[in-house]
Amino acid sequence: HQLAANHSNEIECSLSGTPSIGYMKTDQGWKRAAITKLWEERKRMSHTPLIRYQHPYFNGTSIYLKNEGESPTGSLKHRFAWALFMWALVDGHIKADTTVYEVSNGNTATGEAYMARLIGIKFVAIVLGSTVERGKIEAIEKYGGRVITVNDSWATVARAEVAKDPSRRFFMNQFANAERAEEYFESGNFHLESTNVMHEIVQQIAQSNGSCNGSSSFSGRHYPQYFVHGSGTGGTITSVGRFVNRYNLPIKCILASTEHSVFHDWAVNSCFKNDSGADLWVPPGISGVGFSPLGPLEFGVTTSLLPSVLTRSVKVPDLGSVAAMFVLHEVTGIAAGPTSGLNFLVALHMAVEMNTKQSESVKQARSVAMIVGDKGEKYFDTYYNRTWIEQKFKAKGGVEALDCYQRAIRTALNNGQDPLRSFQSCQLMTG
Ligand SMILES: Cc1ncc(COP(=O)(O)O)c(C=O)c1O
């Protein structure tokens, strides 16, 4: 009778002191199988390539480029989607009959469609029709995801869709939950490896220096002085910052901020706590970073960027980032997306600063680490297309300004100077 009462719809909340046992509805078999599939995927993902870029004028300073474009779904969001699904499974948000909903600029949703298919559940992406690239929609659909295109209020649409059947639909909400999902723990000698991107970078630098002795200790290793990354959800840089803090690593996290980034003003000046910044936001910006679609910024609610892990935010013109994307291709052969141009530009700025400020005695084995976020082919119709640039960035000087920024970066590289210092003349073109 006791068990029958617990499983009936009439729940008695009597706080009765009678000894009893209550049983939860669980689906452990399916859940364990799904988690096993994710760990198998972790093994297949292995490590994305780490490329060392050395320039003769940088006196031994390297830029380490972690090429996440080489991940199975072509962006840094592959490891992120893995972490979101692992978190949602571990915490019981996803069951065998759950459909996962997400708001995305495309990359996260591509990774999530892949993970949903891997564990055998349905996935729906809500994207903004005005900004999402066609190739990203095709990629989501290729992995079996359904795409709903909206004009605005995408998070409201996601919440409304989930509210129609809350027991079988789950809003993953990458902006709020990246900070809960993304790992910042070292996996030590355990055979299942952390997905934290700095975990991989540190291992790969150690291996390339021939100093990997199989020990999980961090002592005696070479670390980059800086880690440079932009903020979309803020999850990546926060997970790196927490990893660095937790293990006392001598690495500083530098936020690469776009021209109209709300995160810069939030992290530096505590703005946008009560206002989303939507009225001030200037599209198209740099796809995937600089703005949270969920409203005023609040950690763990509308953003996963944790300002306390940052030491600096460097804000650069959007066309400067696009120009750096082209230069990155010229000097490394990597055709990447515009967030990688943003990261590269800020990494160059930091590399030159290190060269200039540090004394000769410490001028060895210095480096900046940055992420190549995705592949350039996704942006052939947009950031690689001069007609599109001329239209979308007309107010910023269009292709003429873009060419000016490219010349400025090339000249700076050839002279070992900070590219940001010569940007002013290109910005004047807009005036
Ligand atoms: C290509 C690319 N780079 C960078 C980011 C920002 O990373 P995060 O969301 O971890 O802040 C995103 C996010 O969408 C992205 O798609």
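**Reading the model**

Mentor: Asn 248 is exposed, with a relative accessibility of 71%; buried means under 20% relative accessible area, exposed over 50%, and partly exposed in between, with a 1.4 Å probe and protein chains only. The model is predicted, so local features need pLDDT of at least 70 and side-chain atom pairs count only at pLDDT 80 or more, while totals for chains, interfaces and linings use all residues. Residues are numbered from 1 along each chain as its sequence is written, and side-chain values use heavy atoms, with hydrogens and water left out.

Trainee: Where is the place of Asn 248, and how far apart in space are Asn 248 and Val 262, C-alpha to C-alpha?

Mentor: Helices (H or I, at least four residues) and strands (E, at least two) are DSSP runs, numbered from the N terminus. Asn 248 is in the loop between α9 (235-246) and β8. In sequence, Asn 248 and Val 262 are 14 residues apart. Their C-alpha atoms are 29 Å apart in space.

Trainee: Is Ser 257 buried or exposed, and at what relative accessibility?

Mentor: Ser 257 belongs to strand β8, residues 252-257. Its side chain is joined to that of Ser 313 by a polar contact of 2.7 Å; such a contact is a pair of N or O atoms within 3.5 Å, where within protein one must be able to donate a hydrogen and the other to accept it, and residues adjacent in sequence count only if both atoms are side-chain atoms. Ser 257 counts as buried because its relative accessibility is 1%.

Trainee: What separates the C-alpha atoms of Val 316 and Val 346?

Mentor: Val 316 is in the loop between β9 and α11 (318-332). Val 316 is buried, because its relative accessible area is 2%. Val 346 is 30 residues from Val 316 along the chain, and the separation of their C-alpha atoms is 7.9 Å.

Trainee: Which value is phi of Ser 46 near?

Mentor: Ser 46 is found in the loop between α2 (28-45) and β1 (50-54). Ser 46 counts as partly exposed because its relative accessibility is 40%. Its phi is positive in a residue other than glycine, and is near 50°.

Trainee: Which value is phi of Ser 270 near?

Mentor: Ser 270 is placed in the loop between α10 and β9. At 43% relative accessibility, Ser 270 is partly exposed. Phi of Ser 270, a residue other than glycine, is positive and near 60°.

Trainee: Which residue does a cis peptide bond join to Pro 284?

Mentor: Pro 284 lies in the loop between α10 (262-269) and β9 (310-315). The omega of the cis bond is about 0°. The residue joined to Pro 284 by this bond is Pro 283.

Trainee: How many residues surround the ligand, and which classes do they fall into?

Mentor: A residue is near a molecule if one of its heavy atoms lies within 4 Å of it. The closest are Lys 77, Gly 232, Thr 233, Gly 234 and Thr 236. By class, the shell has two nonpolar, eleven polar and two charged residues, where Ala, Val, Leu, Ile, Met, Phe, Trp, Tyr, Cys and Pro count as nonpolar, Asp, Glu, Lys and Arg as charged, and the others, Gly among them, as polar. The number of residues surrounding the ligand is 15.

Trainee: How far is a nitrogen atom of the ligand from an N or O atom in the side chain of Thr 339?

Mentor: For an oxygen atom of the ligand, the distance to an N or O atom in the side chain of Lys 77 is 2.5 Å. For the nitrogen atom and the side chain of Thr 339, the distance is 2.9 Å.
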